[in-house]
Amino acid sequence: MDVLYFAWVRERIGIPREVVETTAATVADLVAELRVREDRYEAAFVDLTALRVAVDQKLTDFDAPLKGVREVAFFPPMTGG
Amino acid sequence: MRISVQEPAFDLGAETASFAAGHRDMGAIVTFTGIVRDLPDDPLQAMEIEHYPGMTEAALREIAQDAMTRWSLGDALVIHRFGRLVPGEMIMMVATASRHRKDAFEAAEYLMDYLKSRAPFWKREITAKSTDWVAARAEDEDALKWW
């Protein structure tokens, strides 16, 4: 699936998007897989309360299932307006 | 209803006039405009706004649709810019049209409260001393509970 990063999450991980091969059942499982990959992922995901997630471009939470999902995005709380 | 996520500047007067035209049954038009504010102690060189193409438009459309359902609105407009802006530049505007002013005022405030915390935009402030992502404010999240 496509995994996208925005704002300081993108900066910490160093790339805006990547394709991740995963069998993770939920967003939280995917985060756990990414965190053990490299320090830059750990740095981005160290505090999940500071992060928001969208699945297929819909805001959701870390319990959201990933079955059939094409795109997951991680980012800090939004600051529009 | 019109949603525009765009890099170029918009013309507030022309957008407002165009929005107001053709609504003969609407007695009230409310507009709000957000402007890049300079920082008092550390002058702002620029504000950079990042967004999530695709999701941004869909999120704004959903918020505007909610407002149209919740209040008696004849129309709604949301324009939000991204990219690099300097102090004094307009970041975004909303406009609402209703038969009577209360619906238009309330719906405009609702649109603002929701798009601040639920539309995928992130602001970064660039000064001579630093470059910092703007932190979300707890008050902005709390504002949603009021609705």
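Me: Among contacts in chain B between residues at least 6 apart in sequence, what percentage join residues at least 24 apart?
Reply: This is a predicted model, in which local features need pLDDT of at least 70 and side-chain atom pairs count only at pLDDT 80 or more, while totals for chains, interfaces and linings use all residues. Residues are numbered from 1 along each chain as its sequence is written, and chains are lettered from A and ligands numbered from 1 in the order in which they are written. Two residues are in contact if their C-beta atoms, placed from the backbone, lie within 7 Å. For chain B, among the contacts between residues at least 6 apart in sequence, the share that joins residues at least 24 apart is 78%.

Me: What pattern does the secondary structure of chain B follow along the sequence?
Reply: Helices (H or I, at least four residues) and strands (E, at least two) are DSSP runs, numbered from the N terminus. Chain B holds 4 helices and 8 strands, and read along the sequence they follow the pattern β-α-β-β-α-β-β-β-α-β-β-α.

Me: What is the radius of gyration of chain B?
Reply: The radius of gyration is taken over C-alpha atoms, and the globule rule is 2.2 Å times the number of residues to the power 0.38. Along its principal axes, the C-alpha trace of chain B spans about 50 × 35 × 30 Å. For 147 residues the globule rule gives 15 Å, and chain B is close to this, so it is as compact as a globular protein of that length, with a radius of gyration of 16 Å.

Me: How many of the 9 residues of strand 6 of chain B are buried?
Reply: A residue is buried if 20 or more other C-beta atoms lie within 10 Å of its own, exposed if 12 or fewer, and partly exposed in between, with C-beta atoms placed from the backbone. Two strands pair if DSSP finds at least two bridges between them; strand 6 of chain B runs antiparallel to strand 2 of chain B, to which 8 bridges join it, and it pairs with strand 4 of chain B in the antiparallel sense over 7 bridges. Strand 6 of chain B is largely enclosed by the rest of the structure, because the number of its 9 residues that are buried is 8.

Me: Which residue in strand 6 of chain B stands opposite F32(B)?
Reply: Strand 6 of chain B has S98(B) opposite L73(B). The residue of strand 6 of chain B that stands opposite F32(B) is V94(B).

Me: Is I29(B) buried or exposed?
Reply: I29(B) is found in strand 2 of chain B, and, not counting residues up to four places away in sequence, it touches F19(B), A20(B), A95(B), A97(B) and A104(B). Because it has 20 C-beta neighbours inside 10 Å, I29(B) counts as buried.

Me: How far apart are the end C-alpha atoms of helix 3 of chain B?
Reply: The expected span of a helix is 1.5 Å times one less than its number of residues. The 18 residues of helix 3 of chain B should therefore span 26 Å, which agrees with the distance between its end C-alpha atoms, 25 Å.

Me: Which element supplies the largest share of the side of chain B that touches chain A?
Reply: The contact takes 21 residues from chain B and 14 residues from chain A. Helix 2 (55-70), helix 3 (101-118) and strand 7 (121-127) of chain B each supply at least two residues of the side of chain B that touches chain A. The largest share of that side, 5 residues, comes from helix 3 of chain B.

Me: What is the radius of gyration of chain A?
Reply: Chain A has 3 helices and 5 strands, and its C-alpha atoms fill a box of roughly 30 × 30 × 20 Å, taken along the principal axes. With 81 residues, a compact globule would have a radius of gyration near 12 Å, which agrees with the value for chain A, 12 Å.

Me: Where is Q57(A) found?
Reply: Q57(A) has a positive phi of about 70 degrees although it is not a glycine. With 19 C-beta neighbours inside 10 Å, Q57(A) counts as partly exposed. Q57(A) is found in the loop between strand 3 (52-55) and strand 4 (58-60) of chain A.
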